[in-house]
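Reader: I am new to this structure. Please walk me through the terms as we go.

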Amino acid sequence: MAPSRPGRLPRGARPPQEREDGRLRIAVPVKGRLREPSVSLLEDAGLGPEEPGERALAFPCRNAPVDVLLVRAADIPEYVQDGVVDCGITGQDLVRERAARVEELLELGFGSCRLDVAVPEESQYERVEELAGASVATVFPRITRELLPVEVELVDVTGSVEIAPRLGLADAIVDLVSSGNTLRTNGLRSLATIFSSQAVLIGRVGAAAGQLVSMLRAVVEARAHRYLMLDAPEARLDEICAVIGSRSPSVIPLAEPGMVAVHALVPAQDVWQLLPRLEEVGAFSILVVPVERMLR
Ligand code: AMP
């Protein structure tokens, strides 16, 4: 099946709730920030296109009975809710804003951002509560209404939200932020974060996506870890274990008496601070290697 134009399913396309062919259909963002990391997650899980270099907007995967459909990230929560697809990859912000009845099956570890309330640098506002009655521009009216602690006048915009205060359209904005650079560039400062988001695998309520979840989870978990190997004097094993934070790493005797090799999985984000501490407690020949799949 090929959608008639980028990011859109053909009019009236509504497959049956249970697919007769037993294949699972997954929607993936066709463009924007989530596209590349979503496609590479599928690739790393062994779910690349059957035809390498495939550029179609719908294609079967190799290795598993899964079909990928490339559609707009903002449409994915509704497609999943309505059973047009069985599951999809999109942002938690979009799931919440669309109030879609779907299951969040797995946080994917990319597309991290926050929804911040921001005001012009020079404005008097210091706390969100002071915005009661003020005008707030956003493309997230539902989340703003639900999560701002005070009543405000919402100004609906479709994009370029950061410019709204300078145009005199609003006193404040609620918008997605990752580094905060865009806010600063536009002379805005953050008052508060009202929602934190990352990319997520969502599923139709009751869809049989268990195997796909396991395949993706194995990659997401692996990316968050590193495999650490080191040599050390056996006498310093307790100190090494304390630094690694593991009481039962693999300990392998070396040919040299009194020396051991220690192998352990460690969180990827801890590696930079672990290495100097391991050297301090006698570790040497330290190797840190990536993990491809991880099943607990
Ligand atoms: P895009 O299609 O590029 O407009 O963004 C789609 C999704 O990317 C958003 O709904 C968020 O879930 C996610 N995202 C991650 N970081 C950011 C960011 N700094 N600004 C906007 N969206 C972001």
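Author: Start with pairing: two strands pair if DSSP finds at least two bridges between them. Strands (E, at least two residues) and helices (H or I, at least four) are DSSP runs, numbered from the N terminus. This is a predicted model, where local features need pLDDT of at least 70, side-chain atom pairs count only at pLDDT 80 or more, and totals for chains, interfaces and linings use all residues. Residues are numbered from 1 along each chain as its sequence is written, and side-chain values use heavy atoms, without hydrogens and water.

Reader: How do you know that strand 7 and strand 8 pair?

Author: Four bridges join them, in the parallel sense. Pairing takes at least two, so they qualify. Ala137 stands opposite Val155 in strand 8.

Reader: What makes strand 7 and strand 9 a pair?

Author: Three bridges join these parallel strands. The cut-off is at least two, so they pair. In strand 9, Ala137 has Ile173 as its bridge partner. Ile173 is also the bridge partner of Ala118.

Reader: Why are strand 8 and strand 10 called edge strands?

Author: The open sheet has the order 8-7-9-6-10, with mixed pairing. Strand 8 (153-156) and strand 10 (188-197) each pair on one side only, so they are the edges.

Reader: Why are the residues of strand 7 called buried?

Author: Buried means under 20% relative accessible area, exposed over 50%, partly exposed in between (1.4 Å probe, protein chains only). Ser135 and Ala137 point one way, Val136 and Thr138 the other, and all are buried, so each falls under 20%.
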